[in-house]
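Biologist: I have not worked with this structure before, and I would like to learn how to read it feature by feature. Could you take me through it slowly?

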Amino acid sequence: MTNQSMVVSDAKTGLTMGISTVTRPDPALFSSAKPLVSPNGYFSRKKLVKKLESCGNGARLLDSMRASSPTRTRLNDTDPDPNSWTAHHPSALSMFEEIMGESKGKEIVVFLDYDGTLSPIVEDPDRAFMTTEMREAVRDVAKFFPTAIVSGRCRAKVYNFVRLSELYYAGSHGMDIKGPAKGPRKGNKTVLCQPAREFLPMIDEVFKSLIEKMKHIPGAKVENNKFCLSVHYRCVEEKRWGELAEKVKSVMRDYQELRMSQGRKVLEIRPTIKWDKGNAIEFLLESLGYADSDDVLPVYIGDDRTDEDAFQVLRNRGQGIGILVSKTPKETNASYTLQEPSEASYALPQTFGGVEENNLSSLLLIIV
Ligand SMILES: [Mg+2]
């Protein structure tokens, strides 16, 4: 498994990038027609989200909050064989040869979600630290490939976790994008995109209301992610989830310009504008000069429903590698899977010992 690569400076973008030897990809691997996992026996996330976003009755919201609990992912005993999910979405760790084939002749751009991808999901969202090893790994990746963190967190907060100035950061689900000081520029300015700026006063107002409402629910935590808000209920007793949902909905009722969606034990509130992580990666690819390029291979790794928008963009483009981090089968637009952020920790020492720079297989081992 040798991916012959070199590092070149791209005059158009001003970036230094890894470029691999030329080969066309196997279209079957990334075909948008590739069947997704049958939802038979599993929750349809799209339906779930539609219900949430329509702010239906409290019972529905409560049901979906319960359903999002990992232990309740499966609906009943008729679940399909988990192996069939694995067959459709094999482990990225076991598919290096195929992935390597896709990387040949392509300029790789790396997109990484943060929570649940670079850091474990923890009870206190303020303590979702990434390990020193992971930080070093991301730093190594960013030496050779444009690398972006795409997170639901506000940009400043995710930067404080990652602390690598050479990366692009797309915070607030992609609604707050900033490039590195030395990255490509538009005019004399660093890449910057804030499509929801006008919503800031409203979001601050809702934040204050939610803080007030959640004061009486032990364990509830409201996080201000600048262009969006998160209501975490991971530490709330399940018997109070209904009350929490009702309180959030009562606040939302006065703000039709905001919508709600659900993540892993978190309710997300954000502007209704059509801008998500998928838009963010399209914006970044365009900023890097790859808007219509056939020679780019975006790699996106994420664990949550909001990452599906990015996986969908890769499918629509017919290029790139989507990798879902998940221990349990779920409907996804990703092509590959990883069980958890630390899955490859066993492989890290060997990989660092013999890493071939710009080798995509090493890249994947490093960043997961
Ligand atoms: Mg995540």
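This is a predicted model: local features need pLDDT of at least 70, side-chain atom pairs count only at pLDDT 80 or more; totals for chains, interfaces and linings use all residues.

Biologist: How many helices and strands does the chain have?

Modeller: Helices (H or I, at least four residues) and strands (E, at least two) are DSSP runs, numbered from the N terminus. By that reading the chain has 13 helices and 16 strands.

Biologist: What share of the chain counts as buried?

Modeller: A residue is buried if 20 or more other C-beta atoms, placed from the backbone, lie within 10 Å of its own, exposed if 12 or fewer, and partly exposed in between. Of the 368 residues of the chain, 43% are buried on this count. Contacts are a separate matter: two residues are in contact if their C-beta atoms, placed from the backbone, lie within 7 Å. Among contacts in the chain with a separation of 6 or more, 64% come from residues 24 or more positions apart.

Biologist: In what order do the four strands of the open sheet lie?

Modeller: Two strands pair if DSSP finds at least two bridges between them. Here the order is β10-β11-β13-β12, with antiparallel pairing, and the edge strands, each pairing on one side only, are β10 (221-224) and β12 (258-263). Neighbouring strands of this sheet are turned by 20 degrees against each other on average, direction ignored, where axes are lines fitted to C-alpha atoms, for helices over the stretch in contact, and angles run from 0 to 180 degrees between N-to-C directions.

Biologist: Which residues stand opposite each other around β13?

Modeller: Strand β11 (residues 229-232) is joined to β13 (residues 266-271) by four bridges; Leu229 stands opposite Ile269, and His232 has Val266 as its bridge partner. On the other pairing, six bridges join β12 to β13, and Met260 stands opposite Ile269. β12 and β13 form a hairpin with two residues between them, and Lys265 in the turn has a positive phi of about 55 degrees. As for burial, six of the six residues of β13 are buried. Helix α8 (residues 200-214) lies across β10, β11, β12 and β13, and runs at about 15 degrees to β11.

Biologist: How do I find the side of a helix on which its buried residues lie?

Modeller: An α-helix has 3.6 residues a turn, so residues three or four places apart point the same way. In helix α7 (residues 155-162), the buried residues are Arg155, Lys157, Val158 and Val162. They lie on the same side of α7 because they cover an arc of only 165 degrees around the axis, the arc being that of the directions from the helix axis to the C-beta atoms. Their cover includes α6 (132-144), β4 (147-150), β5 (168-171) and β6 (176-178).

Biologist: At what angle do α10 and α11 pack?

Modeller: Helix α10 (residues 277-287) and helix α11 (residues 308-317) pack at about 50 degrees, with their axes 6 Å apart. Angles under 35 degrees count as roughly parallel, over 145 as roughly antiparallel, 65 to 115 as roughly perpendicular and the rest as oblique, and α10 and α11 are therefore oblique to each other. Lys277, Gly278, Ile281 and Glu282 of α10 meet Asp309, Ala310, Gln312 and Val313 of α11.

Biologist: Is Arg163 buried or exposed, and what is its phi?

Modeller: Most residues other than glycine have a negative phi, and most peptide bonds are trans. Arg163, in the loop between α7 and β5, has a positive phi near 55 degrees, and Arg163 is exposed, with 11 other C-beta atoms within 10 Å. Lys226, in the loop between β10 and β11, also has a positive phi, about 70 degrees, whereas Lys226 counts as buried, with 22 C-beta neighbours inside 10 Å.

Biologist: What is Ala220 in contact with, beyond its neighbours within four places in sequence?

Modeller: Ala220 lies in the loop between α8 and β10, and its contacts beyond those neighbours are Met214, Val231, Tyr233, Val236 and Leu244. Ala220 counts as buried, with 23 C-beta neighbours inside 10 Å.

How values were computed: Residues are numbered from 1 along each chain as its sequence is written.
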